[in-house]
Amino acid sequence: MLSRYGPQHAPAGDVSAALMVIDSRLKQVYSGKTESDPEQEALIDQFIASLGPDGANDLLDGACTLIYMFMTWLRKAHEEHEKDVIEHVVPNLVAAMRMMPRSVGPEAIPTMAGLVIAAGTGLSPSLWRQQYGEWTEEEMTPLEVTAFLLAEHINRITDDHDFATRLITDALSRANEN
């Protein structure tokens with residue numbers, strides 16, 4: 001049965017911009033910089049501010065599309081080994097977010113887990129979230145963290161620091177060819 005929360009009903013958003021933010025964070029962490037770089041933070045804030053309200057919404061939808069695409073890849077990878085993606089990804093994601101109290105408040109964790117579960121079951125994270133109202137300011141960083149943690153998880157599984165980024169850029173390239 002098709003759901004009204006299916007990805008075919010959701011806007012893709014600005015996947016490229018969302019990927020740029022996540023890839024920037026991955027590169028920062030892989031280079032050993034775990035503390036926030038004020039200059040990079042200022043550039044990201046300036047970039048997001050330059051988007052305006054419509055662009056910011058597109059960035060949100062793009063982050064949700066990344067989460068959907070990452071969870072789709074993870075689901076297929078887990079199914080190859082007859083494992084459940086929800087059972088193996090969500091507890092680790094929640095545990096990682098709980099260790100990041102300055103970035104992810106405890107009240108945001110259930111929403112982010114819900115987004116990931118929605119994506120893992122084939123639903124659009126943005127449409128799933130939309131049923132609960134507008135995004136809040138407090139959910140912006142946890143959304144970024146969620147996409148980052150999923151990308152990093154994929155990179156760890158594949159033992160390739162660029163795999164998650166390449167996964168998305170390849171998909172975008174194929175979409176542009178059609």
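Helices here are DSSP runs of at least four residues, numbered from the N terminus. The model is a predicted one.

**The largest pocket**

Start with the open space. The largest pocket holds about 1400 Å³. Its lining counts 41 residues. Those nearest the centre are R25, M140, T141, E144 and V145. Which elements give two or more residues to this lining? They are helix 1 (15-30), helix 2, helix 5 (125-130) and helix 6. Helix 2 gives the most, with 10 residues. By type, the lining of the largest pocket has 20 nonpolar, 10 polar and 11 charged residues.

**The second largest pocket**

About 210 Å³ of space lies in the second largest pocket. Its lining is made of A12, V15, T65, Y68, M69, A171, L172, R174 and A175. By type, the second largest pocket is lined by 7 nonpolar residues, 1 polar and 1 charged.

| Residue | Helix | Relative accessible area |
|---|---|---|
| C64 | helix 2 | 1% |
| T65 | helix 2 | 16% |
| R25 | helix 1 | 14% |

Take R25 to begin with. R25 belongs to helix 1 and is among the residues nearest the centre of the largest pocket. Is R25 buried or exposed? R25 is buried, because its relative accessible area is 14% and buried means under 20%. Leaving out residues up to four places away in sequence, R25 touches Q40, E41, I44, E144 and F148. One of these, E144, also lies among the residues nearest the centre of the largest pocket.

Now move to helix 2, where C64 lies. The relative accessible area of C64 is 1%, so C64 is buried. What does C64 touch, not counting residues up to four places away in sequence? Its contacts are P125, S126, W135 and L143. C64 and G13 are 51 residues apart in sequence. In space, their C-alpha atoms are 8.3 Å apart.

T65 is also placed in helix 2. T65 is buried too, with a relative accessible area of 16%. Beyond residues up to four places away in sequence, T65 touches P11, A12 and V15. T65, A12 and V15 all belong to the lining of the second largest pocket.

**Helix 3**

Helix 3 covers residues 85-98, 14 residues in total. From its first C-alpha to its last, helix 3 reaches 20 Å. That is close to the 20 Å expected at 1.5 Å a residue.

Which residues of helix 3 are buried? They are V85, I86, V89, V90, L93, A96 and M97. These residues cover an arc of only 130° around the axis, so they sit on the same side of helix 3. A general rule fits here. An α-helix has 3.6 residues a turn, so residues three or four places apart point the same way. On the other side of helix 3, E87 and R98 are exposed.

What covers the buried residues of helix 3? The cover includes helix 2 (38-80), helix 4 (109-120) and helix 6 (140-158). Helix 2 and helix 6 also give residues to the lining of the largest pocket.

Terms used:
Residues numbered from 1 in each chain as written. Predicted model: local features only at pLDDT ≥ 70, side-chain atom pairs only at ≥ 80, totals over all residues. Heavy atoms only, no water. Expected span 1.5 Å × (residues − 1). Buried < 20%, exposed > 50% of the residue type's maximum accessible area, 1.4 Å probe, protein only. Arc of directions from axis to C-beta. Contact = heavy atoms within 4.5 Å. 1 Å grid on protein atoms, 1.4 Å probe; cavity = no way out; pocket = protein on both sides within 12 Å on 5 of 7 lines; lining within 4 Å. Points joined across faces, edges and corners; volume = space filled by probe spheres on them. Nonpolar A, V, L, I, M, F, W, Y, C, P; charged D, E, K, R; others polar.
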